[in-house]
Amino acid sequence: MPDATELELTAQELREAHSDSILDTEFHRGRATLVANPQKIRAVLEHLQGKGYTMIASLHGVDYYPQEPRLGVLYEMLDRTRVDRISVKARVHTDDPRIESVVDLFPTAEFPEREVYDMFGVVFDGHPDLRRILLPEDYEGFPQRRDFPVGGEPVLFTYNEEQSYGKYA
């Protein structure tokens with residue numbers, strides 16, 4: 001992990017190379033995070049790739065309900081040469097949850113981007129095959145969002161089949 005000073009130097013380097021690309025930095029419990037402007041996420045990840053962070057170890061979505069911008073996309077970048085890790089966080093609004101795809105830079109991001117789309121509804125512009133990956137294509141809604149209705153259908157088991165239908169023997 002970069003220390004707090006190296007994190008700030010990296011953020012400053014990115015701000016100089018791409019204005020308005022870094023909104024904030026977070027260093028908590030030894031974890032370095034760059035908070036990136038979602039419109040500049042590609043430039044930020046390209047820059048980090050040039051610095052040696054050549055692998056996306058994880059890409060996942062987060063719902064920060066009730067805060068806005070509510071939806072987040074987190075990229076865990078790994079430098080395998082230095083065994084170093086840095087996180088990049090970008091947040092998008094629910095009214096237009098769009099962010100640029102990085103599949104052409106990091107081919108292993110293809111399925112995680114599809115999963116974030118499927119579970120949170122974040123659209124990755126430029127993704128080669130953006131469709132649902134876990135749920136049926138006709139499924140409505142995004143189940144990992146915190147405002148998704150909790151509930152479900154009762155599961156029928158053979159041991160309680162009679163009770164489930166309201167019949168009592």
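# Salt bridges, core and cavity of a predicted model

By class, three nonpolar, one polar and three charged residues make up the lining of the largest cavity. Here Ala, Val, Leu, Ile, Met, Phe, Trp, Tyr, Cys and Pro count as nonpolar, Asp, Glu, Lys and Arg as charged, and the others, Gly among them, as polar. The structure is a predicted model, in which local features need pLDDT of at least 70, side-chain atom pairs count only at pLDDT 80 or more, and totals for chains, interfaces and linings use all residues. Residues are numbered from 1 along each chain as its sequence is written, and side-chain values use heavy atoms, with hydrogens and water left out.

The lining residues are Pro2, Glu6, Thr10, Lys51, Tyr53, Arg82 and Ile86; each has an atom within 4 Å of a cavity point, a cavity being a set of points on a 1 Å grid over the protein atoms alone where a 1.4 Å probe fits but cannot get out. The largest cavity has a volume of about 30 Å³, and the count of cavities of 30 Å³ or more comes to one. Grid points are joined across faces, edges and corners, and the volume is the space filled by probe spheres set on them.

Two of the lining residues, Glu6 and Arg82, also form a salt bridge, with their closest N and O atoms 3.6 Å apart. Glu6 belongs to helix H1 (residues 4-17), whereas Arg82 sits in the loop between strand E4 (71-79) and strand E5 (84-92), so that the pair links distant parts of the chain, 76 residues apart. Helices (H or I, at least four residues) and strands (E, at least two) are DSSP runs numbered from the N terminus. Glu6 and Arg82 take part in a network of salt bridges together with Asp79 and Asp84.

In total, the structure holds 14 salt bridges (a side-chain nitrogen of Lys or Arg within 4 Å of a carboxyl oxygen of Asp or Glu). Another of them joins Glu26 to Lys89, whose closest N and O atoms are 3.2 Å apart. Because Glu26 lies in strand E1 (residues 22-28) and Lys89 in strand E5, this pair ties together parts that are 63 residues apart in sequence. A further salt bridge links the side chains of Arg42 and Asp104 at 2.4 Å, N to O. Arg42 is in helix H2 (residues 41-50) and Asp104 in the loop between strand E6 (98-100) and helix H3 (110-120), so parts 62 residues apart in sequence are tied together.

The table gives the accessibility of these partners (buried: under 20% relative accessible area; exposed: over 50%; partly exposed: in between; 1.4 Å probe, protein chains only).

| Residue | State | Relative accessible area |
|---|---|---|
| Glu6 | partly exposed | 29% |
| Arg82 | partly exposed | 44% |
| Glu26 | partly exposed | 32% |
| Lys89 | buried | 11% |
| Arg42 | buried | 17% |
| Asp104 | exposed | 56% |

In soluble globular proteins, nonpolar side chains tend to be buried together. The largest nonpolar core has 33 residues, of which Leu34, Leu45, Leu48, Tyr75, Met77, Val88 and Val122 touch the most other members. H1, strand E2 (31-36), H2, strand E3 (55-63), E4, E5 and H3 each give two or more residues to this core. Such a core is a set of buried Ala, Val, Leu, Ile, Met, Phe, Trp, Tyr and Cys residues joined through side-chain atoms within 4.5 Å. Not counting residues up to four places away in sequence, the contacts of Val88 include Leu34, Ile41, Leu45, Leu48, Tyr75 and Met77 (contact: heavy atoms within 4.5 Å).

In helix H3, the buried residues are Glu113, Arg114, Val116, Asp118, Met119 and Phe120. Their cover includes E3, E4 and strand E7 (123-125). After H3 comes Gly121, with a positive phi near 85°.

Notes: 1 Å grid on protein atoms, 1.4 Å probe; cavity = no way out; pocket = protein on both sides within 12 Å on 5 of 7 lines; lining within 4 Å.
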